[in-house]
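Biologist: Could you put the model up, so that we can go through it together?

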Amino acid sequence: MALVEIKSLKKYYDTPGGILHAVDDVTLNIEKGKTLGVVGESGCGKSTLGKTLIKMTEATSGEVYFDGQEITSMNQRQFKQMRMRMQMVFQDPYASLDPRMSVSALIAEPINTYHLAKNRNELNEMVLSLMDTVGLARRLANVYPHELDGGRRQRIGIARALSLSPEFIVCDEPVSALDVSIQAQILNLLMDLQEEKGLTYIFITHDMSVVKHISDEICVMYLGQVVEKCESKELFKNTLHPYSKALLSAIPVPSIHNKKERILIKGEITSPIDPEPCCRFAQRCQYAKEECFKSEPALKPYKGTGHLVKCHRVEEIN
């Protein structure tokens, strides 16, 4: 059962040069209790997609259904109660926290906003319980973010997200600003919380190794569009889109004997401002033919499977 359904979602921005297509006609489903990984290079629209899903930015057009309710047309007052059910963990744990608030005050803020605690004692118990849940020592309750390392700061962000007992969390590159050893701890924490609380995630990252570890399904984005979507194991076993192949070839292999051939992407990136109706990867694709520059391919199943790919020449090159 899909908890989140996205239909033809678009987010455009007016710029002096024209209309910037940040998210362009994205249609996806996210199954309840599962993780959808979203990967792609910087500027492909991953974070904008995540923010638009939970109405941190308003969609230009399209629909988002959460648990069967259409939310894009809701005003802020109507959406306030729905906000409790969908939260976000931000990329930079320091920039997303108020430096003038202590750890306990930061975790208590969402609880106070929604008046979930009956009195001060209950609030304190809720805060301490959340600190236990995310692995923050209780002795840190009165310290400030600048006194903590990146991993502990991110645990504060996760505790804030969990404070309203959400069902769906957008994880916007939550480990990219952390040391590798700390990354593993935070990933394992997120996976344990998902299993314990039945959470549904959209996990945004540019790191293919990370997304393989945590995701049930993966969609690859390029210039605001989904170019490939399938189960996580299927993507790594049977990569179809030329852009996805290049991303996977960039994953480092920890062996001097196993030298993997790197696929280098050459050519100019197509402008996301008022793009022509063609394949947006065509300018950089070694397999591009005339039709790729003249018409935009559809995102469709490959040979009748659930593996979706957006490429005119997918059957010729695989």
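Biologist: By class, how many nonpolar, polar and charged residues are in the lining of the largest cavity?
Modeller: The lining of the largest cavity has 11 nonpolar, 2 polar and 1 charged residues (Ala, Val, Leu, Ile, Met, Phe, Trp, Tyr, Cys and Pro count as nonpolar, Asp, Glu, Lys and Arg as charged, and the others, Gly among them, as polar). This is a predicted model, in which local features need pLDDT of at least 70 and side-chain atom pairs pLDDT 80 or more, while totals for chains, interfaces and linings use all residues. Residues are numbered from 1 along each chain as its sequence is written, and side-chain values use heavy atoms, with hydrogens and water left out.

Biologist: Which residues lie nearest the centre of that largest cavity?
Modeller: Pro242, Cys279, Cys285, Cys292 and Cys311 lie nearest the centre, out of 14 residues that line the cavity, and the space inside is about 80 Å³. A cavity here is a set of points on a 1 Å grid over the protein atoms alone where a 1.4 Å probe fits but cannot get out, with lining residues having an atom within 4 Å of a point.

Biologist: Which aromatic cluster does Tyr222 belong to?
Modeller: Tyr222 forms one aromatic cluster with Tyr243 and Phe281. The structure holds 4 aromatic pairs (ring centres within 6.5 Å, with planes under 30 degrees apart counted as stacked, over 60 as edge-to-face and the rest as tilted; for Trp the six-membered ring is used). Phe66 and Phe168 make up a tilted pair, with 6.3 Å from centre to centre and 45° between the planes.

Biologist: How many residues apart are Phe66 and Phe168?
Modeller: They are 102 residues apart, so the pair links distant parts of the chain, Phe66 in strand E4 (residues 61-66) and Phe168 in strand E7 (residues 168-172) (strands are DSSP runs of E of at least two residues and helices runs of H or I of at least four, numbered from the N terminus).

Biologist: Buried or exposed, that Phe66?
Modeller: Phe66 is buried at a relative accessible area of 0%, and Phe168 is likewise buried at 0% (under 20% is buried, over 50% exposed and in between partly exposed, with a 1.4 Å probe and protein chains only).

Biologist: Which strand does E4 pair with in the antiparallel sense over 5 bridges?
Modeller: E4 pairs that way with E1, and Glu63 in E4 is the bridge partner of Lys7 (strands pair if DSSP finds at least two bridges between them). Strand E1 (residues 2-15) also runs antiparallel to strand E2 (residues 18-31), joined by 10 bridges, among them the one between Val4 and Ile30, and a hairpin of 2 residues joins E1 to E2.

Biologist: Changing topic, how much space lies in the largest pocket?
Modeller: About 380 Å³ lies there, and 20 residues line the pocket, with Gln87, Met88, Phe90, Pro110 and Arg160 closest to its centre. A pocket is an open set of grid points with protein on both sides within 12 Å along at least five of seven lines. Helix H2 (76-83), strand E6 (86-89), helix H3 (103-113) and helix H5 (150-162) each supply at least two of the lining residues, and by class the lining has 11 nonpolar, 5 polar and 4 charged residues.

Notes
Points joined across faces, edges and corners; volume = space filled by probe spheres on them.
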